[in-house]
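Good morning, everyone, and thank you for making time for this.

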Amino acid sequence: MREGGITTFEERAAALDAADPLGAYVDRFVRKPGCVYLDGNSLGPLQHAVQARLKTVIADEWGTGLITSWKEGCWLDLPSQTASRIAPLLGVSDASVTVCDSTSVNLFKLIAAAWQHREGRADILVESTNFPTDLYIASGAAALLGASLRQFDTADELLSSLDASTAIVVLTHVDFRTGAALDIPSVTEEVHARGGRVIWDLSHTTGVFPLALEEWNVDFAVGCGYKFLNGGPGAPSYLYCSPQLLPTVENALPGWWGHAAPFAMSPHYESHPDILRFQTGTPSILSLAALHEALAIWNDIDLDAVRQKVETISSLFIDVVASEATTLLQCISPADPSTRGSHAAFRHPRAAQVMATCIATGVIGDVRPPDIVRFGFAPLALTYSDAVHAAKTLLAAAASCTAGA
Ligand SMILES: *Cc1c(COP(=O)(O)O)cnc(C)c1O
């Protein structure tokens, strides 16, 4: 601290790092020298433990165990073992979550499942700014089911669109562009009050918000394994179905892994009595093993501490950027950290050029067309000092791109 009590951002970051209860986790992640990685919301970073696990799975379980590893290496139970590591992050029981396929595919299954409870209602509502795959899947499912697809632009517009023909609302909790987060319990309650069902996409949520889906009466949820859960590129997705609805919904993609007795090889489908009915085909064991190992880190982590770090680190980043009023960077993420996911986004007329300059100088974020630069904070893998360094790198990149205009 300087005389007069004025601190620099670097000093503030050093003090936060010294007091960070999650600081010890940073070294569990592989780090590229000279690089601050701020795309953890798109592809989470690799942990040393995951690297080691994959070596074992490949050399021992696949290499020498071969097909016996389905039983000996516990491959058969890996989907359920992985689900039980995700359940506490969602605030639900193990029996309500399964891990399989991609978010896109699982969203399709959940739309088809929710449709089975439509009770004569005809509409599926989706947010027009939702992640594109959610729009495409909802549109494809609506066409097959004979539903009519209606789009809304804002949460307020959603509430005024809900009516007696609303069957399903497909919502993403954290907006992939701005990071703005909705309030899951109150929105769920509003939809239920009008008789509809909600499917929450938690791709940018799980691992950075404490959740209590069961307590909040959430019907269905889906999300990504490769973002804040750090499961690796293309990691399987997770799917939640409330215990009340589970016995009454079927999987529209009823593959043999969702069968009550897959290895009986019966020509007749009989759905599994529990959440495994949402499985479809053979699990991707290599990816699943990586996700399973990546999730071990959450065993003794307090999600409230994670949430606190997410809010503080993203606010620090935004404050550093705002300290230079002369750049063309305009923050489009909510100013109130409690309604923000774990990323910060800024408009800049030369977004692609700004990001290319950032990456060339060791700060990796990403661009969302046409004019957004986006920086995601994997809370377990970053220090506050990383955030300040990266924000200053962004300021320099923006200044150089503006000057070259
Ligand atoms: C990342 C993301 C997806 C990704 O879906 P995949 O099937 O894994 O490609 C889906 N929805 C949202 C909201 C996302 O942020």
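Let me start with a question: which residues does serine 242 touch, not counting residues up to four places away in sequence? Before I answer, please keep in mind that what you see is a predicted model. The answer is that serine 242 touches Val218 and Asp219, when residues up to four places away in sequence are left out. You will find serine 242 in the loop between strand 8, residues 237-241, and helix 8, residues 285-294. Its relative accessibility is 5%, and because buried means under 20%, serine 242 counts as buried.

Is valine 249 buried or exposed? Valine 249 has a relative accessible area of 0%, and therefore it is buried. Leaving out residues up to four places away in sequence, valine 249 touches Ala113, Gln116, His117, Phe220, Cys241, Arg277 and Phe278. If you look for tryptophan 115, you will see that its C-alpha atom and that of valine 249 are separated by 9.1 Å, although the two residues are 134 residues apart along the chain.

Proline 370 sits in the loop between strand 12, residues 366-368, and strand 13, residues 372-376.

Now to the ligand. How many residues surround the ligand? There are 13, and the closest are Ser104, Asp134, Asp201, Tyr226 and Lys227. Sorted by class, this shell has 3 nonpolar, 7 polar and 3 charged residues. Serine 104 places a polar side-chain atom 2.6 Å from an oxygen atom of the ligand, tyrosine 226 has a polar side-chain atom 2.7 Å from an oxygen atom of the ligand, and for histidine 204 the corresponding distance from a polar side-chain atom to an oxygen atom of the ligand is 3.2 Å. Taken alone, the ligand exposes 390 Å², and the protein buries 87% of that. The elements that give two or more residues to the shell are helix 4, residues 103-115, and helix 5, residues 132-145.

Two names from this part of the talk come back when we turn to asparagine 41, which touches His204 and Lys227, as well as Phe228, His343, Arg374 and Gly376, again not counting residues up to four places away in sequence. Asparagine 41 lies in the loop between strand 1, residues 36-37, and helix 2, residues 48-64, and because its relative accessibility is 1%, it counts as buried.

My last topic is the aromatic rings. A pair of aromatic rings is described by the distance of the centres and the angle of the planes. A search of the whole structure finds 10 aromatic pairs. Why is the pair of tryptophan 256 and phenylalanine 263 called edge-to-face? Their ring centres are 5.4 Å apart and their planes stand at 75 degrees, and because planes over 60 degrees apart count as edge-to-face, the pair gets that name. Tryptophan 256 is partly exposed, with a relative accessible area of 37%, and phenylalanine 263, at 49% relative accessibility, also counts as partly exposed.

Compare this with phenylalanine 317 and phenylalanine 346, which form a tilted pair, 6.0 Å centre to centre, with 45 degrees between the planes. This pair links distant parts of the chain, since phenylalanine 317 is in helix 9, residues 303-322, and phenylalanine 346 is in strand 10, residues 343-347, 29 residues apart. Both phenylalanine 317 and phenylalanine 346 are buried. Finally, ring pairs link Trp70, Trp75, Trp256, Trp257 and Phe263 into a cluster.

Conventions:
Residues are numbered from 1 along each chain as its sequence is written. This is a predicted model: local features need pLDDT of at least 70, side-chain atom pairs count only at pLDDT 80 or more; totals for chains, interfaces and linings use all residues. Side-chain values use heavy atoms; hydrogens and water are left out. A residue is near a molecule or strand if one of its heavy atoms lies within 4 Å of it. A polar contact is a pair of N or O atoms within 3.5 Å; within protein, one must be able to donate a hydrogen and the other to accept it, and residues adjacent in sequence count only if both atoms are side-chain atoms. Accessible areas come from the Shrake-Rupley method with a 1.4 Å probe; for residues, only the protein chains shown count as cover. Helices (H or I, at least four residues) and strands (E, at least two) are DSSP runs, numbered from the N terminus. Ala, Val, Leu, Ile, Met, Phe, Trp, Tyr, Cys and Pro count as nonpolar, Asp, Glu, Lys and Arg as charged, and the others, Gly among them, as polar. Buried means under 20% relative accessible area, exposed over 50%, partly exposed in between (1.4 Å probe, protein chains only). Contact means heavy atoms within 4.5 Å. Rings of Phe, Tyr and Trp (its six-membered ring) pair if their centres lie within 6.5 Å; planes under 30 degrees apart count as stacked, over 60 as edge-to-face and the rest as tilted.
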